[in-house]
Amino acid sequence: MTTSSFATKKAIITGAASGIGYATAKLFIEKGFVVGLIDADKNRLESISKEFKQDGYDCYYRSVDVTDEINLKKAIDELTESLEGLDVFFSNAGINGTWAPIETLTISDWDQTINTNLRSTFLCTKFAIPHMKENGGSIIITSSINGTRIFNNFGASAYSSSKAGQVAFTKMAALELARYNIRVNAICPGAIDTAINGKTKYSADLDEVEIKVEFPEGNRPLKHETGTSEQVAQSVLFLATDASANISGTELYVDGAESLL
Ligand code: NAI
């Protein structure tokens with residue numbers, strides 16, 4: 001049961017159990033992709049897989065921490081085998097981590113954010129290349145407006161650095177992998193209504209470094225609404241298909257012009 005307009009592309013999505021990753025998995029399968037889901041949340045993966053199968057779609061998954069290179073590689077290799085190939089890799093898993101002044105942010109909190117967001121993007125790309133280099137493909141990386149266009153979320157130095165690093169990595173990888181016809185692009189969402197903010201740890205001394213920023217009335221210029229995961233998923237779909245065949249090494253902002261204020 002597919003409404004296929006992009007027949008049987010094979011895609012792996014990380015962070016697929018929630019928010020942007022889940023919305024993208026849903027959209028991909030509705031468009032005729034076969035998907036392999038990676039996330040640390042095993043229970044959610046199980047229920048998503050049941051949900052997709054009940055709707056008549058194939059779905060493979062592996063519960064893996066994207067900072068664990070041994071199990072991540074194994075998961076990518078096994079999922080590629082189940083999918084019988086790999087055309088699209090969506091490196092999306094990420095955390096806000098701990099937001100704290102640089103002076104008191106712990107080194108392990110810094111490492112956790114950088115490893116979860118940036119190091120995992122390197123690992124996913126590295127492990128996807130052998131599966132994609134023969135036939136080409138599309139790698140999409142979830143960055144953010146933080147660290148690329150806005151710098152006013154005080155305490156988010158690790159998060160913003162990880163997101164800036166992902167864009168630099170996107171450009172380096174786009175050039176390096178063009179020879180294999182592998183395109184690499186980043187999406188930079190603005191505020192999107194997902195579970196991520198509820199998981200952010202704010203340190204008690206954060207107000208010591210905050211500079212109060214007053215936005216002009218309506219800090220979401222387009223429609224005055226927070227964005228949705230489904231809107232981001234539509235942009236990921238565009239970057240995953242031949243509709244974006246000549247686009248590589250660029251970032252696509254999905255933020256209703258929020259980051260231009
Ligand atoms: P979410 O919290 O709803 O989903 C993130 C998923 O990643 C969760 O299912 C979580 O279990 C998984 N995950 C986290 N750490 C993991 C790890 N070490 N290994 C495996 N899985 C892990 O968050 P959301 O909002 O969907 O975030 C997805 C991406 O979008 C992140 O990279 C985030 O930085 C980025 N983003 C989100 C924005 C927002 O406002 N929600 C704005 C800009 C970027």
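**Exercise 1.** Find which residues Ile13 is in contact with, leaving aside its neighbours within four places in sequence.

*Solution.* Contact means heavy atoms within 4.5 Å. With those neighbours set aside, Ile13 is in contact with Gly21, Thr24, Ala25, Phe28, Val35, Gly36, Leu37, Ile38 and Phe90.

This is a predicted model, in which local features need pLDDT of at least 70 and side-chain atom pairs count only at pLDDT 80 or more, while totals for chains, interfaces and linings use all residues. Residues are numbered from 1 along each chain as its sequence is written, and side-chain values use heavy atoms, with hydrogens and water left out.

**Exercise 2.** State how many residues the largest nonpolar core has, and which element gives the most to this core.

*Solution.* A nonpolar core is a set of buried (under 20% relative accessible area, 1.4 Å probe, protein chains only) Ala, Val, Leu, Ile, Met, Phe, Trp, Tyr and Cys residues joined through side-chain atoms within 4.5 Å. The largest one has 31 residues, and Ile13 and Phe28 are among those with the most contacts inside it. Elements that each supply at least two residues of this core include β1 (10-14), β2 (34-39) and α1. Of these, α1 gives the most, with 7 residues.

Conventions: Buried means under 20% relative accessible area, exposed over 50%, partly exposed in between (1.4 Å probe, protein chains only). Helices (H or I, at least four residues) and strands (E, at least two) are DSSP runs, numbered from the N terminus.
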